[in-house]
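Have the sequence and the model open while you read.

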Amino acid sequence: MKCLVINFKKTAFIFGFIVILALICLATVTGIATTSDNPIRRLPIYCVETDEKKISITFDAAWSAEDTDEIIEILNEHNAKATIFVVGDWIDKNPDAVKKFYENGHEIANHSDTHKLFSKVSREEVVKEIEDCNKKIEAITSEKVKLVRAPSGDYDNKSIEIAENMNMKMIQWSVDSLDWKKLSVDEMYSRVVTKTENGSILLFHNGIENTPDALRKILEKLKNDGYEFVTVSELIYWDNYKIDYSGEQKHLKNTSS
């Protein structure tokens, strides 16, 4: 009987090891990050591994829209195409702003319908938040929405799985301007230009006092440094990739001969 118990323990250990190894392999293919504390933690895309000097400027639109024309003008001056993550409630109040961004070549993406924190609500509520915002965007652009950003960056496994089931990518950011903290133009400039590198996704907000002036200065510097400003959909890989523990999306090169 004692030998049977020992053999059972050994078998259970080996089986457990195989399961963990399988999960790690699955993570490499599907973009699931693994840690010792949580072997199946899922991550959104924070940035992209690339040799090209390409980056994405993104805005979260949830407050006012009074600086829409100024932001579009600044982006146009630097031939920058941005991705605007819009909240459904903001669309209801500012449909013309959404239309202006879209007509100027900027990408319109989902930032939930009412800005509920995804990790704090049920699966059904997350689905409704994404679907309702998608409908409002598509009514203006007539294009299927491909990207979603969790309100306040508050993602979890559940919300990422829901986005994947909707054939959407969950997008985070790697460079935060912290404009919502009402930093000065120089403070934002220093934060952003020192942290930006190939494949970075930069976060700004509209409706913030110093954001337009900081954006103008930042884009001028980054443009002179040789960066090209593309939408998130143009920056990321849509298939054959993995997401590492830091949220960096890496393309899986084809090694077959």
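This is a predicted model: local features need pLDDT of at least 70, side-chain atom pairs count only at pLDDT 80 or more; totals for chains, interfaces and linings use all residues.

Residues are numbered from 1 along each chain as its sequence is written, and side-chain values use heavy atoms, with hydrogens and water left out.

**The whole chain**

The chain has 9 helices and 11 strands; these are DSSP runs, with helices being H or I of at least four residues and strands E of at least two, numbered from the N terminus. Of its 257 residues, 48% are buried, where buried means under 20% relative accessible area with a 1.4 Å probe, protein chains only. Take contacts (heavy atoms within 4.5 Å) between residues at least 6 apart in sequence: 75% of them join residues at least 24 apart.

**The core**

The largest nonpolar core holds 69 residues, and Ile57, Phe59, Trp90 and Leu215 have the most contacts inside it. Such a core is a set of buried Ala, Val, Leu, Ile, Met, Phe, Trp, Tyr and Cys residues joined through side-chain atoms within 4.5 Å. Helix α8 (residues 211–224) gives the largest share of this core, 5 residues. Leaving out residues up to four places away in sequence, Phe59 touches several others, including Ile71, Leu75, Phe85, Phe204 and Leu215.

**Helix α7**

Over in α7 (residues 185–195), the buried residues are Val185, Met188, Val192 and Val193. They line one face of the helix, because seen down its axis they fall within an arc of 110°, taken from the directions from the helix axis to the C-beta atoms. They pack against β7 (175–176), β8 (201–205) and α8.

**Arg149 and the cysteines**

Arg149 sits in the loop between β5 (147–148) and α6 (157–165). Its side chain makes a polar contact with that of Asp60 at 2.8 Å; a polar contact is a pair of N or O atoms within 3.5 Å, one able to donate a hydrogen and the other to accept it, and residues adjacent in sequence count only if both atoms are side-chain atoms. Beyond its neighbours within four places in sequence, Arg149 is also in contact with His111 and Trp173, among others.

Here is how buried three residues are:

| Residue | Relative accessible area |
|---|---|
| Arg149 | 0% |
| Cys133 | 0% |
| Cys47 | 14% |

How many disulfides are there? The count is 0, with a disulfide taken as a pair of cysteine sulfur atoms within 2.5 Å.

Conventions. Buried means under 20% relative accessible area, exposed over 50%, partly exposed in between (1.4 Å probe, protein chains only).
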